[in-house]
Amino acid sequence: MNLLIKTLKIIGIVLSIILGLAFMAIRRENRKEKADYFIGGYLNNINQLTYKSVKIGTSNLYIKLPFALSPSSVALPQSMKDKLAKFETFIFSKDKSFSGKISYMVWKSGIEYSLETGSDGAIDNIKTLPGVEKVLDDREYFKIGKYEGNIIDGVVYRYGKSFQIKAAILKSGQEVWIVMINFLNHQDENIANDIINPLKNSK
């Protein structure tokens with residue numbers, strides 16, 4: 001099995017416990033095309049993307065996506081289920097090299113969710129995976145209206161290979177939203193930014 005797929009599956013299990021979010025397995029396509037054809041096709045696809053405002057599950061938060069959002073599921077440990085009043089997950093993707101997952105959860109009264117602890121736990125656990133040389137992450141804290149959150153940009157290096165992550169964790173009272181995007185191609189960073197960064201202006 002492709003090393004990258006194994007890496008993402010393992011990290012998916014880690015994050016499903018720490019953040020209530022599992023990575024989708026991403027596979028690199030093995031097609032080789034001429035650079036000019038690839039770049040031209042990529043730019044055409046970007047120009048054709050249409051972003052629509054989509055409601056995240058039963059919550060009142062909306063996100064702008066250029067891809068369809070579909071219901072999904074994550075197997076959570078019982079210890080986490082006992083602390084949640086609600087948990088919903090959704091997935092979206094551009095192709096096999098770009099995918100994302102959204103989790104919406106409501107913690108039971110009296111349960112505290114820390115943005116920093118959640119972010120630290122995810123990164124620290126990724127660092128402990130076999131073969132991980134380093135994990136670079138940059139975080140931006142924000143607070144607007146009733147929402148506060150973290151925007152996370154990261155690169156994971158494992159066995160000489162790398163992939164990027166872009167995520168947003170938002171919190172409002174007992175409600176938490178986690179949007180995680182994984183992508184292999186650096187050219188897709190603009191799409192990830194267009195999806196994640198507007199969440200800083202949620203109202």
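Leaving aside neighbours within four places in sequence, I56 is in contact (heavy atoms within 4.5 Å) with L61, I63, F90, I102, Y104 and W177. The structure is a predicted model, in which local features need pLDDT of at least 70, side-chain atom pairs count only at pLDDT 80 or more, and totals for chains, interfaces and linings use all residues. Residues are numbered from 1 along each chain as its sequence is written, and side-chain values use heavy atoms, with hydrogens and water left out.

I56 belongs to the largest nonpolar core, which has 25 residues. A nonpolar core is here a set of buried Ala, Val, Leu, Ile, Met, Phe, Trp, Tyr and Cys residues joined through side-chain atoms within 4.5 Å; buried means under 20% relative accessible area, exposed over 50%, and partly exposed in between, with a 1.4 Å probe and protein chains only. Together with I56, the residues I63, F92, F98, L170, I181 and I195 touch the most other members of this core. Two or more residues each come from β2 (62–65), β4 (84–95), β5 (98–107), β7, β8, β9 and α5. Helices (H or I, at least four residues) and strands (E, at least two) are DSSP runs numbered from the N terminus. Another core, of 23 residues, lies apart from the largest one and includes V74, V135, I152 and I165. In soluble globular proteins, nonpolar side chains tend to be buried together.

Two strands are taken to pair if DSSP finds at least two bridges between them. β7 and β8 run antiparallel and are joined by 11 bridges, with N150 opposite I169 in β8. Strand β8 (residues 161–172) is mostly covered, with 10 of its 12 residues buried.

A pair of aromatic rings is described by the distance of the centres and the angle of the planes. Rings of Phe, Tyr and Trp (its six-membered ring) were paired if their centres lie within 6.5 Å, with planes under 30 degrees apart counted as stacked, over 60 as edge-to-face and the rest as tilted. Five aromatic pairs were found in a search of the whole structure. W107 and Y113 form a stacked pair, at 5.6 Å centre to centre and with 25° between the planes. W107 has a relative accessible area of 9% and is buried; Y113, at 9%, is buried as well. Y147 and W177 form an edge-to-face pair, because their ring centres are 5.5 Å apart and their planes lie at 65°. This pair links distant parts of the chain, with Y147 in strand β7 (residues 147–158) and W177 in strand β9 (residues 175–183), 30 residues apart. Both Y147 and W177 are buried. One aromatic cluster is formed by F67, F98 and F183.

Side chains of opposite charge can pair when their charged atoms come close. With a salt bridge defined as a side-chain nitrogen of Lys or Arg within 4 Å of a carboxyl oxygen of Asp or Glu, the count is seven. R139 forms a salt bridge with E116, the closest N and O atoms being 3.2 Å apart. R139 lies in strand β6 (residues 132–144) and E116 in helix α4 (residues 115–127), so the bridge ties together parts that are 23 residues apart in sequence. R139 is partly exposed at 27% relative accessibility, and E116 is partly exposed at 38%. R139 also meets D137 in a salt bridge (2.8 Å, N to O), and D137 is partly exposed at 27%. E116, D120, D137 and R139 are linked in a network of salt bridges. A further salt bridge joins the side chains of E140 and K200 (3.3 Å, N to O). The E140–K200 pair links strand β6 to the segment after α5 (189–196), 60 residues apart. E140 is partly exposed, with a relative accessible area of 37%, and K200 is partly exposed at 22%.
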